[in-house]
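Reader: Before we look at any particular case, could you show me how to read the packing of helices and strands in a model?

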Amino acid sequence: MQNVIAFIEHKHGTIRRSSLEAATQARTLADQLGGKAHAVVAGPGAAQAAETLKKYPLDQIHVSDEDRFIDGAVDAVESVAKAAGPSLVLVGNTMIGRDVGSRFAARADCGINADVVDFKTDGGEVSCVMPKLGGLVITTCKLTGSDYGVAAIRPNVFTAKETSGAAEIVQIASSGKASTVTVEDEIEEAAAELGVEEASVVVSGGRGMGGPEPFTTILKDLAEAFGGAVGASRAAVDAGWVSHGHQVGQTGKTISPQLYIAVGISGAIQHKVGMRTSETIIAINKDANAPIAEFADLLVAGDAFAIVPELTKLVRDAKAAHA
Amino acid sequence: MLNPFDEYAIEAALQLKEKLNDGSTVTIVSMTPASGKEIVRKALAMGADDAVMLSDDAVAGSDLWGTAVALAATIKAQSPDLVITGTQSTDAISGDLPGMLAEKLGFPGLTYARTLEVADGRVRVQRETETGYMTISAALPAVVSVTKSANEPRYPSLKGIMGAKKKEIKQLAAADIGLTVAVGTGGAKAQLTDLATPPARSKGQVVQAPDPAEGAKAIVQFLKERKFL
């Protein structure tokens with residue numbers, strides 16, 4: 001493989017951060033492989049997204065105006081890959097990214113590696129490093145047996161960096177195909193917010209929160225003070241206090257934020273596997289002997305309902321002092 | 001162990017069958033070594049009608065691509081109207097198989113469904129998004145992956161467990177599904193080259209904070225040391 005193609009996920013032209021990480025990483029890998037860095041953006045708002053992408057170190061930005069949901073994106077990636085020749089396709093390991101990457105891999109009969117946190121290149125060969133079994137093992141898988149390969153990168157691991165890019169914008173010709181899936185409507189149930197997968201700081205609540213209210217008050221306030229996101233343990237989600245999209249753990253999301261603050265979470269194995277690769281873990285818990293003490297960098301034993309608002313105030317003050 | 005995510009798929013299939021009540025049947029398809037028979041039996045005990053097991057050394061150790069190729073061939077032979085999967089497995093957690101199956105079967109793929117209805121030859125689902133959901137639909141046959149919000153999987157009843165012993169589990173080998181490409185460990189296009197154990201996280205600092213203000217201060221001090229503030 002020589003070239004790298006970053007699939008860009010966006011909503012009406014606003015690009016997801018994991019896709020900007022993919023675009024930046026595409027350059028790094030293309031340089032190692034001696035090829036070109038491409039980006040593919042499709043759907044309503046693609047032209048606007050392409051303007052943002054111009055600030056990233058890409059060679060070509062391919063734009064498809066077709067509004068055919070996943071089908072349109074897969075077709076666009078396929079057409080760029082065919083024209084570029086042997087290439088690695090990068091997608092964010094998000095719902096849309098996985099759909100596009102997996103379908104391209106099946107269509108191209110190539111290998112796919114999911115939840116990639118590091119790459120190793122050797123000549124034209126690409127290997128992906130992935131934590132599996134909730135980070136209990138680290139696997140390395142080489143993409144082989146095809147001119148193509150797909151890597152779904154874990155959000156928040158690679159850096160998104162603007163440069164003075166000079167990418168050429170290339171329009172992808174319309175395929176004239178109909179979509180196999182009809183989008184009937186799209187409903188926003190929550191304000192668009194940074195998801196736990198992409199936030200660099202996550203403040204999570206567990207059973208110790210006792211009800212839904214802290215998730216929209218004290219935890220949310222602390223998360224916002226950091227510009228982060230609110231997460232939750234399975235117990236809190238199963239109790240109906242917060243929606244499944246916030247769940248961190250085995251049956252939720254696996255995340256690697258720079259800072260993870262666990263509030264009222266005991267740290268059962270099923271939660272641990274979702275957040276153990278966080279860079280720094282702080283726990284606030286009434287029980288100093290909760291399992292989370294074994295792997296948190298700092299555990300503060302006390303009343304979370306009093307500590308969290310006080311902490312929020314101090315964080316805001318510290319941030320204001322630096323502003 | 002039955003993948004917990006697959007239990008939601010089985011439940012969704014059973015609920016759909018009960019709702020349609022038109023003679024539709026639920027078939028369990030599993031690619032598993034022969035030792036997986038008891039897991040398939042559990043799915044039958046939940047209420048599925050029959051099962052197909054693809055067990056062959058030739059498919060053992062398949063990567064995602066190989067798994068998609070082998071499973072799609074097995075599924076295709078059943079001529080399904082609807083294929084329902086979980087969103088992911090609990091070990092590899094890739095979440096890529098539903099999309100790959102859709103592509104290999106040539107069916108529309110509707111992933112991350114939290115509801116599922118079938119009428120007039122179409123399937124309609126609410127697909128979860130980061131901020132809500134979108135309603136999407138497609139003509140049958142189709143592939144749908146369901147999330148854990150879709151339902152509450154039932155426990156097999158005693159009657160179900162007894163009944164499952166009499167249900168057919170068809171055993172297939174690679175030759176039976178007409179595989180023309182090499183899958184399994186040898187055919188893998190994502191080849192495992194290294195397996196390592198990450199350094200264990202060690203126990204950190206513990207601060208007793210009977211005074212909440214002191215607790216908050218201890219955290220801020222720590223955050224400053226680590227350059228978060």
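Author: Let us begin with contact, since the rest builds on that term: two residues are in contact if their C-beta atoms, placed from the backbone, lie within 7 Å. Please keep in mind that this is a predicted model.

Reader: Which residues of α3(B) meet α4(B)?

Author: On the side of α3(B), Leu64(B), Thr67(B), Ala68(B), Val69(B), Leu71(B), Ala72(B), Ile75(B) and Lys76(B) take part, and they meet Leu97(B), Met100(B), Leu101(B), Lys104(B) and Leu105(B) of α4(B). Sorted by class, this contact comprises ten nonpolar residues, one polar residue and two charged residues.

Reader: At what angle do α3(B) and α4(B) pack, and how far apart are their axes?

Author: In general, two packed helices are described by the angle between their axes and by the distance between those axes. Here helix α3 (residues 64–76) of chain B and helix α4 (residues 97–105) of chain B pack at about 55°, with their axes 9 Å apart. The two helices are therefore oblique to each other, and their crossing is right-handed.

Reader: In what order do the three strands of the open sheet in chain B lie?

Author: Strands of a sheet pair through backbone hydrogen bonds, either parallel or antiparallel. In chain B the order is β1-β2-β8, with parallel pairing, and the edge strands are β1 (27–31) and β8 (169–172). Between β1(B) and strand β2 (residues 50–54) of chain B there are five bridges, and Thr27(B) has Asp50(B) as its bridge partner in β2(B). Helix α2 (residues 37–46) of chain B packs on this sheet, touching β1, β2 and β8 of chain B, and its direction makes about 155° with that of β2(B).

Key:
Residues numbered from 1 in each chain as written. Chains lettered and ligands numbered in written order. Predicted model: local features only at pLDDT ≥ 70, side-chain atom pairs only at ≥ 80, totals over all residues. Axes fitted to C-alpha atoms, helices over the stretch in contact; angles between N-to-C directions. Helix = DSSP H or I, 4+ residues; strand = E, 2+ residues; numbered from the N terminus. Parallel < 35°, antiparallel > 145°, perpendicular 65-115°, else oblique. Left-handed = near helix turned anticlockwise from the far one by under 90°. Nonpolar A, V, L, I, M, F, W, Y, C, P; charged D, E, K, R; others polar. Pairing = 2+ DSSP bridges.
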